[in-house]
Amino acid sequence: MSGRVVDLEMDRSRCVLCGGPNACVMERRARGETVDGPCWCVRRIFPEELKARASERDGGASCICQACLDSAGEARGR
Ligand SMILES: [Zn+2]
């Protein structure tokens, strides 16, 4: 193991917007982890502008993290 560079564009375990861990269950399963239940994201609603920003960055390949979703929800008010 020597100097493996983490490429944000290829690392789907990281948030497309902030680079933090997105805790995506689908992605964790893909890496061989056993995870019960659906991803946290199925219980949340993603604002259209947030999805637009994500797909601008990488075509929506990586998931958005909970922190970005939370701050986007606050920005909208309710
Ligand atoms: Zn994020």
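This is a short tour of a predicted model, with a residue or group to select at each stop.

**Before you start.** Numbering begins at 1 in each chain and follows the sequence as written. Because the model is predicted, local features need pLDDT of at least 70 and side-chain atom pairs count only at pLDDT 80 or more, while totals for chains, interfaces and linings use all residues.

**Whole chain.** Show the protein as a cartoon. You will find three helices and zero strands, in the order α-α-α along the sequence. Helices here are DSSP runs of H or I with at least four residues, strands are runs of E with at least two, and both are numbered from the N terminus. Of the 78 residues, 17% count as buried. A residue is buried if 20 or more other C-beta atoms lie within 10 Å of its own, exposed if 12 or fewer, and partly exposed in between, with C-beta atoms placed from the backbone. Two residues are in contact if their C-beta atoms, again placed from the backbone, lie within 7 Å. Among contacts between residues at least 6 apart in sequence, 56% join residues at least 24 apart.

**The core.** Select Cys-15, Val-16, Leu-17, Cys-24, Ala-54, Cys-63, Ile-64, Cys-65, Cys-68 and Leu-69, the ten residues of the largest nonpolar core. Such a core is a set of buried Ala, Val, Leu, Ile, Met, Phe, Trp, Tyr and Cys residues joined through C-beta atoms within 7 Å.

**Cys-24.** From that set, pick Cys-24, in the segment before α1. Cys-24 is buried because 21 other C-beta atoms lie within 10 Å. Leaving out residues up to four places away in sequence, Cys-24 touches Ser-13, Cys-39 and Cys-63.

**Ala-23.** Step back to Ala-23, also in the segment before α1. Ala-23 has 16 other C-beta atoms within 10 Å and so is partly exposed. Apart from neighbours within four places in sequence, Ala-23 is in contact with Trp-40, Cys-65 and Gln-66. Ala-23 and Cys-65 are 42 residues apart in sequence, and their C-alpha atoms are 7.0 Å apart.

**Asp-11.** Finish at Asp-11, in the segment before α1, the helix that spans 25–30. Asp-11 counts as partly exposed because it has 13 C-beta neighbours inside 10 Å. Select Ala-61 as well: this residue is 50 residues from Asp-11 along the chain, and the C-alpha separation is 9.6 Å.
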